Amino acid sequence: MSGSVEQYIPIDIKDVKLLDWLVDRTIVNRLWNEECTELRNLIKQVLSEECPLEDIRGEVVEPIFYPASLRILEALEQSPFGSKNMIGQYTHQYTATWSRIVKLFEHDGTFLADCAKNITQNVKYDVPLYKKQIARATQVKQDSLKKQADCSNNIAKYEQKYRERCAEIGIVGDHVKAELAGLVLDIPDMMVEISRDIGRIQPAISYYQSFVRFLLANPELEVCPLLTHFVKYGNTPVSQWENPTTPMESSDSESSVEVIDPIETQDKNGHVETDPEVPSQPLPPETKSSDIDFGIDTIDFGTDIDFGEETADFGDIDFGDETELQIDLLEAGEEKKNESLLDHTATRNQIVDELYELAAFLSARSEEMGRNTESILSEIPDCPPEIQTAQVEGITKMLALVDGPLNRLTCDRMRHLLLLKNSEKYLDRLSDNLQGQLRLSDKMQDTISELKDRVAEAERTYEEVEPKLRRAVAVTKELKGCVEQHLSTRYKGRPVRIMGDINTL
């Protein structure tokens, strides 16, 4: 191959194999690393001194490579510090030190080995490490910002849910426990309004009762007994419902009290109900219990029964104060009897059940009438007029009247109020439950603070690493160019190319 053609053939060298390539071709000494000891000590010494030339202070920083030392020496030579004596030595010690550094770099091609070593170090280790740190910091920042946005949305949701729950219960939410305790005072007024609403459903009860009595052919059948009592007498004490013989009205004169002789009926649950509408004549004042003949003959127990003569020995058992126990039981019973129908749990639940029953009937009846099935009942003989003349609009109005008190008795606010009234522990539990939303909001705030710290740390990492990456990339490209140029000169102008990841930095 002619020399003119050979000089255009490039020399390709793998970047991570560059040092081995130089040693194998004896371009650099195998012991170059030992010769660099004096060079590195000299560079460390000169870096500890203050640079007298302000223009090159930015260059005099670690790490120092051959191209940088050439630029520093050239700048010093062009300054007043570059003067020489008659034998060609620099008069300024700082410039003379840099001249010594450059000569050590050029001795036996040491700078080529140093450049090859740093190219391998940067390409294989430093630059990938810096890129990973920057990528990790960028990812952490993006994830943290996204989580901050999610936490902010969650805070808004928790606060909105807290306000909605407070609004459902009927409090502002500034002082939860005190406001919940004050809600109990609203129960009497609410019960008065509910009682007024229940008093308007008499037409619905009458229509339901007529319908059931007609279909079952039982004119004595009672439906919704407690609602019937409530509509007629109002929110009476429980004792007047359980014992209809109790006078509905009392006066100062005992002689004016009318004694009611109840008619006993039986409801669907088998409980004995009474009809207080039929009055009876008062007992004569002279009648005494001793004069009443109960029709019971004297029972002869005989004389042969042996009841034993031994007395039971109970030892030292203390049965407590029987009088105190009896008083407590009486007080509990009296308290239950003095409660109103809506205040007492059992009767209130029965009222709700009967309202559900009435609402279900009216809803089903409205659907049936909407399908034009009224003509079937009209053809049945002896059908009550109120059933024949009923219209869908009237049934709908009745249903609306029934739904009013039913919804107010079964709403969440009423449920909370009744539980607050009957249990002090529920006050603490409900207050803690409501404030749990605020605790979640506070937790999200703490999380946001932590995420902000992570973002700040990621930004600091980026600011510290990114200049190192830029400098490493710039130095690596500069060393690559220096090596390629020197080797090209050494091989009579043949192009030299260092291949590998160095070209993708």
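**Strand pairing and nonpolar cores in the predicted model**

Asp12 has Arg497 of strand E4 as its bridge partner. In this predicted model, the pairing that joins strand E1 (residues 11-14) to strand E4 (residues 496-499) is parallel and runs over four bridges. In a regular strand, side chains alternate between the two faces of the sheet.

The largest nonpolar core comprises 54 residues, of which Leu180, Ile201, Tyr207, Leu227, Ile351, Leu358 and Leu362 touch the most other members. The greatest contribution to this core comes from helix H13, spanning residues 345-370, which supplies eight residues. When neighbours within four places in sequence are left aside, the contacts of Leu180 are with Ile169 and Ile171, and also with Leu420, Leu427, Leu430, Ser431 and Leu434.

With regard to cysteines, zero disulfides were found in a search of the whole structure. Cys151 counts as buried because its relative accessibility is 8%, which falls under the 20% cut-off. Cys411, by contrast, has a relative accessible area of 29% and is therefore partly exposed, since this value lies between the 20% and 50% limits.

Note on methods
Residues are numbered from 1 along each chain as its sequence is written. This is a predicted model: local features need pLDDT of at least 70, side-chain atom pairs count only at pLDDT 80 or more; totals for chains, interfaces and linings use all residues. Side-chain values use heavy atoms; hydrogens and water are left out. A nonpolar core is a set of buried Ala, Val, Leu, Ile, Met, Phe, Trp, Tyr and Cys residues joined through side-chain atoms within 4.5 Å. Buried means under 20% relative accessible area, exposed over 50%, partly exposed in between (1.4 Å probe, protein chains only). Helices (H or I, at least four residues) and strands (E, at least two) are DSSP runs, numbered from the N terminus. Contact means heavy atoms within 4.5 Å. Two strands pair if DSSP finds at least two bridges between them. A disulfide is a pair of cysteine sulfur atoms within 2.5 Å.
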